[in-house]
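Reader: I've just opened this one and could use a quick tour. Can we go through it together?

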Amino acid sequence: SNTFSGLFEGQNVITLQRIPSTNEYLKKELSKSAPVAEGTVIMAVDQYAGRGQHGTSWQSEAGQNLTCSVLLTPTFIDPKYQFHLTVAISLAIVSLLEPLLQTKVAVKWPNDIYVGDKKIGGMLIENILKGKLWKSAVVGIGINVNQTVFPEAIRHKTTSIKQILHRDTGLPELLAGLCRHIEREYTALKNGAYQEQLLRYSACLYRIGESHPFLVDGVEVHGVLSGVNETGRLLIDFNGHTVDFGIKEIAFVI
Ligand code: BTN
C-alpha cells in the first residue's frame, strides 16, 4: 500500500544506493528530455559528496541518515519571493521533528535546523528558472537520524535524532512523515497561507527576540534578532533601529 497522499501519491520514491548528491542527481534528471513529475523524491542510502549552502559539504554516514531531494514546481510563487518556499519547507521539517523529539526545534536562518545549540539538519533549495519564470525547485533535505559519531571538527555543534532519543528511527517512515508535512505546508502556501506561515516560522527562529552577537563585514556587533522580511532578509534591531541583512552580509557568532 502507498503511504503517501496527494502530491506524493503514486510517486515512487527513487532510492539510490550510492550517489554523490541527491540534488545533483535530480538536477541531472531534470536536464534530460523526459519530464520529471512534481513530488518525485530521490533518496540516497549513501550520499558521499553531499552539498550544503555556499559550497559547503554535507557529510552523512552511509545508511544512517535522511538525505533526499524532492521536486516541486512552485510556479505560483514569484521568483523574487522564493523565500516563501523556504518558509514552508522549514515548517514541514520542524513539525516533523518536534513531536518526535518532544523538544523545541528551531530554524537557524536561513537553512539550518537546530535543537538547542546543535545542528540536526539542513536544507538546500535550488531553483531552476526558465527565463524569468520558475520551472522547478530541487528541495534537498538532510536530517541526522541514526548517526552518533561525527567528525571531530563539528562534533560539539552537531546532533541527531538518535543522540536525543537513544534509539533508532526507521528512515522510510521518517521520509513518509516528511513528505506528508511538505505536502501540507506546500498546499497551504499554494492556497495563500504565507502570512500565517511567516508568523509560525518567526516563532521558530533560532535566537528570535534575543540579543546575539553577529559578524558584519568582519566586525562583531550585538543586536536583537527580530525576524525576517518578505524576501527573507534577516531583521536585526540595533537600539530600536532595524537593519535588514542578506545571507552573505551577516553571520551568527556562536
Ligand atoms: C546546509 O546545511 O547548508 C544544507 C545541507 C543540505 C543537505 C542535503 S542532503 C540531501 C540534499 N543533497 C545534497 O547534496 N544536499 C542536500
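Reader: What share of the contacts with a separation of 6 or more in the protein chain comes from residues 24 or more positions apart?
Author: Keep in mind that this is a predicted model. Take the contacts in the protein chain with a separation of 6 or more, then pick out those between residues 24 or more positions apart. Their share is 60%.

Reader: How many helices and strands does the protein chain have?
Author: Both kinds of secondary structure turn up in the protein chain. The tally is five helices and 14 strands.

Reader: Why does the radius of gyration of the protein chain agree with a compact globule?
Author: The protein chain has 254 residues, so a compact globule would come out near 18 Å. The C-alpha trace, for its part, spans about 55 × 45 × 30 Å along its principal axes. The radius of gyration agrees with the globule because the chain's own value is 18 Å.

Reader: And what percentage of the residues count as buried?
Author: To be buried, a residue needs 20 or more other C-beta atoms within 10 Å of its own. Out of 254 residues in the protein chain, the buried part is 33%.

Reader: Are helices α2 and α5 parallel or oblique to each other?
Author: Helix α2 covers residues 83-101 and helix α5 covers residues 194-204. Their axes lie 10 Å apart, at an angle of about 55°, and the crossing is left-handed. That angle therefore makes α2 and α5 oblique.

Reader: Which residues of α5 meet α2?
Author: On the α2 side, the residues are H84, V87, A88, S90, L91 and V94. The residues of this contact divide into eight nonpolar, three polar and one charged. Facing them from α5 are Y194, Q197, L198, R200, Y201 and C204.

Conventions:
Residues are numbered from 1 along each chain as its sequence is written. This is a predicted model: local features need pLDDT of at least 70, side-chain atom pairs count only at pLDDT 80 or more; totals for chains, interfaces and linings use all residues. Helices (H or I, at least four residues) and strands (E, at least two) are DSSP runs, numbered from the N terminus. The radius of gyration is taken over C-alpha atoms; the globule rule is 2.2 Å times the number of residues to the power 0.38. A residue is buried if 20 or more other C-beta atoms lie within 10 Å of its own, exposed if 12 or fewer, and partly exposed in between; C-beta atoms are placed from the backbone. Two residues are in contact if their C-beta atoms, placed from the backbone, lie within 7 Å. Axes are lines fitted to C-alpha atoms, for helices over the stretch in contact, and angles run from 0 to 180 degrees between N-to-C directions. Angles under 35 degrees count as roughly parallel, over 145 as roughly antiparallel, 65 to 115 as roughly perpendicular and the rest as oblique. A crossing is left-handed if the near helix is turned anticlockwise from the far one by less than a right angle, and right-handed if clockwise. Ala, Val, Leu, Ile, Met, Phe, Trp, Tyr, Cys and Pro count as nonpolar, Asp, Glu, Lys and Arg as charged, and the others, Gly among them, as polar.
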